Amino acid sequence: MSEHRPSPLSTQLTDIGNALPVLDNDQSADQAQSAIIEAQRQLASSSELPRGRYSRDEPTEDDEEGDSAELEEYRAQAARKERQSTGTRTPGAVGDSAQFEPFVGSRVGSPIPDHNGLGWPGKGTLARLNSTPKQREAREAKLAAAVKTLLECIGEDPDRDGLIKTPERYAKALLWMTKGYEERLPDVIGNAIFAEDHEEMVIVRDIDVFSLCEHHMVPFTGKVSIGYIPNKFVLGLSKLARIAETFSRRLQVQERLTKQIAMAVDEAIRPMGVAVVMEATHQCMTMRGVQKPGATTITSAMLGAFRRSDKTRAEFLSLIRTPRS
């Protein structure tokens, strides 16, 4: 085992502590504080402080090389610890001969790779996913009965010719419009992950999305553009649209939908960055409430390189706004 070496910061703090004066019990609080400040000033102006990024002097080349080596060592230790805790190799790592598995070795705290691969499952999502044919029929009948109650509550006659089949039709339609609760992300992506030495931006833009606002259960529709910078793996282009479809076919708010799409791509293939921009029209503010037709809502989610680099983000935004020829 190598000998422990205290960091420059801890050494400096120890020196400061040793340099502080010993105070008498009868000294006032103001006198004690003044003595401490004076001792700190004397120590800061002395030449005995360690050099480097923790001192007032400029760091030397040896300091920078030591910091870089220490950082690389910490990264290697973290990677070894992650492999030991998960029992798997880090997906996408250089020299990794194992088959790439999406959502394996996910980042700590991410809600995407849940045990069932649903991504942000609701309270009844798992029950709906695993329901038997008889349970599906019972669910549809229960929903149809609820729709019939709604028709009665708004003053309609659910038994008249035009509405007699409406409860069953709407029950089937609502279950289809929320079919995203029954789709597992690993199944959506399947085997459409390919090893490719491509490190430039990949963008699929103007993907149509249709969803239901979770506040009023009325539609909002629009287009989403998804871009990412590969890190040794690329995703089938159609799968970007499928991911957007999966999350949009749930009760949603646009802000969360945009984030979920970005995080799903990020967790699936570990790219260097992901960018998602969505523009949509919400019926809850055009046909009711404030009633402002033509108003649109734009949301974005930037991860990795797109969040860190202004130039990368600007390039993506420029490309998705380029007029079609």
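Asp-208 and Lys-223 form a salt bridge (a side-chain nitrogen of Lys or Arg within 4 Å of a carboxyl oxygen of Asp or Glu), with the closest N and O atoms 2.5 Å apart. This pair links distant parts of the chain, since Asp-208 lies in strand 2 (residues 202-213) and Lys-223 in strand 3 (residues 219-229), 15 residues apart; helices (H or I, at least four residues) and strands (E, at least two) are DSSP runs, numbered from the N terminus. Asp-208 counts as partly exposed at 43% relative accessibility, and Lys-223 likewise counts as partly exposed at 39%, where buried means under 20% relative accessible area, exposed over 50%, and partly exposed in between (1.4 Å probe, protein chains only). The model is a predicted one, in which local features need pLDDT of at least 70 and side-chain atom pairs count only at pLDDT 80 or more, whereas totals for chains, interfaces and linings use all residues. Residues are numbered from 1 along each chain as its sequence is written, and side-chain values use heavy atoms, with hydrogens and water left out.

A salt bridge is also formed by Arg-256 and Glu-214, whose closest N and O atoms are 2.6 Å apart. Here, too, distant parts of the chain are linked, with Arg-256 placed in helix 9 (residues 254-269) and Glu-214 in the loop between strand 2 and strand 3, 42 residues apart. Both partners are partly exposed, Arg-256 at 28% relative accessibility and Glu-214 with a relative accessible area of 33%.

Arg-128 is buried, with a relative accessible area of 9%, whereas Glu-182 counts as partly exposed at 35% relative accessibility.

For the structure as a whole, eleven salt bridges are found, and the chain contains eleven helices and seven strands. Of its 325 residues, 33% count as buried. Among contacts (heavy atoms within 4.5 Å) with a separation of 6 or more, 65% are accounted for by residues 24 or more positions apart.
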